[in-house]
Amino acid sequence: MGSSTRAVRDTPGRRAAARRRLVAAAFLLPALVLLGALVVQPIGFSLYRSLFDRSGDTFVGAANYTAVVRDPAIRTALRNTAVWVVVAPAVATGLGLVFAVLTERVRWGTAFKLLVFMPMAISMLAAGIIFRLVYDHDPHRGVANAVVVGVHDTFAPASAFPKARPGRDSPLEPAGDGAFVTREPVRAGVPALLPLVGVAPEALPKGARTAAGARPVPGEVTGTVWQDFTRGGGGAVNAVDPTETGLAGMRIEAVKDGRTVATATARADGTFTLPAAADGARLRLPASNFREAFAGVEWLGPVLVTPAVIGAYVWMWAGFAMVLIGAGLAAVPRELLEAARVDGAGEWQVFRRITVPLLAPVLVVVLVTLVINVMKIFDLVFVIAPGAVQDDANVLALQLYRTAFGTDADQGLGSAIAVLLLVLVVPVMLVNIRRIRRGASR
Amino acid sequence: MNAVRRLAGSVLLRVFLVLAALFWLVPTLGLLVSSFLSPGDLNRGGWWQALTAPSRLTASNYAHLLANDTITGSLVSTVAIAVPATVLVLTLGALAGYAFAWLEFPGRDWLFLVVVGLLVVPVQVALIPVSELFGAIGLFETTAGVVLFHTAFGLPFAVFLLRNFFAEIPRELLEAARLDGAGELRLFSRVVLPLGGPAIASLGIFQFLWVWNDMLVALVFADSAHPPVTVALQQQVRQFGNNIDVLAPGAFLSMVVPLVVFFAFQRQFVTGVMAGAVK
């Protein structure tokens, strides 16, 4: 009896519960099906596939995982990913913190923030192309090297004659440090001959004219420095021939007992004049005449490519850190900072003792987000590192792509790298879940 | 003395910020100016030459590019991927978010925790398995495949964000509507969706930019005959150095839409980025 009454009473309730579940399922199912098929299932499949060889038919146990540790290419990728994880988030967060604090003090802070945050909106591909151009080795194209070469040449001007050298039977000999010096001392009134070869015709200084033999002047040391080479043949060695060119602008020093007693610069026709003090000295052409033109830094060479790409990443993501930290900063009570200032604390002390500790939770969130982001870095390296140095710039995500979809595809090994990537983010996954659970139980 | 120090500090601060601003401005400016220089001028010297000789600037690169079917076609492909992938994520994410926030069913809490756990799963983990799956069901190298992939990987964040937002809706509002006899679907579309507007806008902008800017997923799954703009340009990067007249305007065309969205919806974008800090 009792059970039947309950059945009668419960039927509508149970039906309602069943209906509610059906409604919930209808709301949830599309999302859950996609998540299951394209996110959850792949995790299981990767684990499974990583235990099989290239073809997928032969079980190889942990062989793919040992290969991950042994393969030199993957080891480079692991090492670079470690560098990325240590350097990039820290630099981006540090800059973000500095920008967030400093922009509060200038009127154009908002414009500055907008400028720094903007790269967040564009693709890593576009940022990659932007920085490929910045880092171009040619200082007439890449702005980074244009600046480096510009600064360098201001302090150490490039020379006009990088390839010039004495020819056969020359009266000049190498002085050891890139300079050349005459074998014999020179005499006043006897024109000195300083023949050099090896300057390409198009590299001759602008305004250089046909070389002339120097006139003897009593009481002065005169001479000619010129390109001792007649194009098309003819011309005697160590003699100023009619079509040969003066090396205008060459620096000449007269050296006595290791001391420079006089200096001169060659005129357009290569002639020069030194005072009487140079009598009996040896003439030296200092190394500054022959220094190779400075070509700038090889940003995208094997050594610097990873720091260079990290630079591009910081350019993209410092704005993210800045905005998040800025939001945290807005929540810091001003009275606290003012009180510290009134107590005589300097700005640096206020920053270090009060602002940073109060911002610690935000800083942790930013750092963790960037660390996860950096572990998966792919596009920037793929686009900025030229093909020849991609082995040196390699990171895990790039190696995964190359292993699984390259010319010599090995999806077993690729899956092992995928599992490794997943394992690296599991701690963050657990922290996220715990945070939500704590929030839910509150 | 103190005043002098304060003045020096303020000058130093401004110098530092101006230098930093230059660091952020010059790279983009370089590409922008380069995109308006002829190939001949690009070979002759740095883009900065145009700062003193603005008459050299020309739109001819853009004219050539817009006449180039590969690039214009790739922009169409990008739209064809980004728009459906955004709409799908918003729709499915809102439905699931509502269910997690306001419907009762067994296993609700742990299922939500699973979704939260999926937030940080790297896209790379799914590349090999999903390419096998798509190969088997004929979705490999199709636009539909790319859209589904982006939707799936956008969903954890969408569900997470929208559930939390919907959960803040006052219970009385929903109860009142239920008492009036509104069904769940009606409740969802008439009460929850309008109230969820801001969160949905942030999420939509975030997801749209994410998909628009993606290269890796497209590289693996997109139809190689109709690649999106990131892949089309990436194929040009191999020739970097003698095709800046193509790459620079191409990169800018690909940036126009994200930048317009960014400047038009700054606030929503920032909200989305901040909420996504766990992703």
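Keep in mind as you click around that the model is predicted.

**Stop 1: where the chains meet**

The contact takes 86 residues from chain A and 93 residues from chain B. About 7900 Å² is buried between the two chains, and carbon and sulfur atoms give 82% of that area. Why quote an area at all? The accessible area lost when parts come together is often used to give the size of an interface.

Together they supply 10% of the area that chain B buries against chain A, more than any other three residues.

What about polar links? Seven residue pairs are in polar contact across the interface, with both residues at pLDDT 80 or more. The count of salt bridges between chain B and chain A is zero.

Next, highlight residues 2–35 of chain B, which form helix H1. With 16 residues, this helix gives the most to the side of chain B that touches chain A.

**Stop 2: the largest cavity**

Time to look for empty space. A probe the size of a water molecule, rolled over the atoms, shows where such space is left. How many cavities of 30 Å³ or more does the structure hold? There are four.

The largest has a volume of about 870 Å³. To find its centre, select A:Met124, A:Trp317, A:Asn373, A:Lys376 and B:Trp210, the closest to that point of the 39 lining residues. Elements from both chains give two or more residues to the lining, including helix H7 (305–330) and helix H9 (347–375) of chain A, and helix H8 (143–167) and helix H11 (197–213) of chain B. Helix H8 of chain B provides the largest share, six residues. By class, the lining has 27 nonpolar, eight polar and four charged residues.

**Stop 3: the second largest cavity**

Helix H5 covers 69–102, and H5, H8 and H11 of chain B each supply at least two residues here. Sorted by class, this lining has seven nonpolar, three polar and one charged.

How values were computed:
Residues numbered from 1 in each chain as written. Chains lettered and ligands numbered in written order. Predicted model: local features only at pLDDT ≥ 70, side-chain atom pairs only at ≥ 80, totals over all residues. Heavy atoms only, no water. 1 Å grid on protein atoms, 1.4 Å probe; cavity = no way out; pocket = protein on both sides within 12 Å on 5 of 7 lines; lining within 4 Å. Points joined across faces, edges and corners; volume = space filled by probe spheres on them. Helix = DSSP H or I, 4+ residues; strand = E, 2+ residues; numbered from the N terminus. Nonpolar A, V, L, I, M, F, W, Y, C, P; charged D, E, K, R; others polar. Contact = heavy atoms within 4.5 Å. Buried area = accessible area lost by both parts, 1.4 Å probe. Salt bridge = Lys/Arg side-chain N within 4 Å of Asp/Glu carboxyl O. Polar contact = N/O pair within 3.5 Å; in protein donor to acceptor, adjacent residues only side chain to side chain.
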